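Reader: Hi! Could you walk me through this protein chain in simple words?
Author: Happy to, let's look at it together.
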Amino acid sequence: ITSQDNWGIEVNGTRYRGGLLVGVLPQGKLQVVNQVDREAYLASVVDSEMPAAFPRAAREAQAIIARTYAVAQQLSAPPEASFDLFASERSQKYLGREYTHNDGRRLRGESPSSVEACAATKSLVLTDNQGVFTAYYSAVCGGCTVSGIGVFDGASVVHQSVVCTDCKEAQRYRWQTRIPESEMVKAANGLVRGFQNQATPRTTGSVKLQGSGRRFQRLSRVVISGGLETGRMPEVELTDGELQLLVDSQTLRTQLGTSRLPGSRYELSLEASGQIVAHGRGHGHGVGLCQWGARGMALAGSDATTILKRYYPGAQLQRIPDSAPVQR
């Protein structure tokens, strides 16, 4: 489906540039894929992923990273794939040209500054010794980014842990939350079920299970080790006296919910009341570019290239030719 003008096509309250490919999935549901020029896609991603108030250099760095991520996904997509990227944070947040906010307001999904950031960096991507790589990024690292190895399968060697001193103004540079024991038990049992449902249970990703019990009833011990002062992902131990669950902090964060654990680097303590207190730093998984750190560097005078060199040590900037439209 193509539009007869430049205004685009609206689906479920969001107006998209480009065209739509509509197919029927095996279960009878419709799949709607937006086929859009890469730079038009990126203009929306930059605004969707980074505040418009951030300095120009930070948004140019974001444009390069978003382009690198998108191209890597296009290159790695299997031939039979019907799209390259999801429109959600499962890939990169993409809100089209215009969208309807939860409160009913109509908002722009792109701005003149995001278009300018993409135009100023047109065709620029980061590469490692293997070529274009999946470039990860998060909102706030909390003072130190996390090594990509152990967090994402096949993460590039340039996703190293680096010290970041420029994200201190972020609201979630440091945070504290309280988690009811019942919620932690539910999350733990979800991980236990995933482990026990394997044909030959040994490990599920970073999840390890020991003991004779089938599920958690209460928690008698909550321990977390490593990671806060280093670039390693902390490991959490949960036990009720019979079962012992060992899981990395990012996997537990995903299972429990990011509203309870905003970042992947935190400490946990079990109170006598049964509540679990989490003290953490950062917002997101902490791998790659720290967006608030990029803001701080830009305010101090750094350009996009300098920002990227900090967060992706050893990566190179390279221009790539325009190619097929992004499909999401």
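Author: One term to start with: buried means under 20% relative accessible area, exposed over 50%, and partly exposed in between (1.4 Å probe, protein chains only). Helices (H or I, at least four residues) and strands (E, at least two) are DSSP runs, numbered from the N terminus.

Reader: Thanks! Which residues of H4 are buried?
Author: In H4, the buried ones are Glu181, Met184, Val185, Ala187, Ala188, Asn189, Gly190, Leu191, Val192 and Phe195.

Reader: And how far apart are the end C-alpha atoms of helix H4?
Author: They are 22 Å apart, which agrees with the 22 Å that its 16 residues (181-196) should span at 1.5 Å a residue. The expected span is 1.5 Å times one less than the number of residues.

Reader: Before I go on, where do these values come from?
Author: This is a predicted model, so local features need pLDDT of at least 70 and side-chain atom pairs count only at pLDDT 80 or more, while totals for chains, interfaces and linings use all residues. Residues are numbered from 1 along each chain as its sequence is written, and side-chain values use heavy atoms, with hydrogens and water left out.

Reader: What share of the residues is buried?
Author: 50% of the 328 residues count as buried.

Reader: New topic: where does Gly284 lie?
Author: Gly284 is in the loop between strand S17 (276-281) and strand S18 (289-290).

Reader: Is Gly284 buried or exposed?
Author: Gly284 counts as buried, because its relative accessibility is 13%. Leaving aside neighbours within four places in sequence, Gly284 is in contact (heavy atoms within 4.5 Å) with Ser138, Arg253, Pro262, Gly263 and Ser264.

Reader: One more, which strand holds Thr127?
Author: Thr127 lies in strand S7, residues 124-128. With 6% relative accessibility, Thr127 counts as buried.

Reader: And what does Thr127 touch?
Author: Not counting residues up to four places away in sequence, Thr127 touches Val132, Phe133, Ala315, Gln316 and Gln318.
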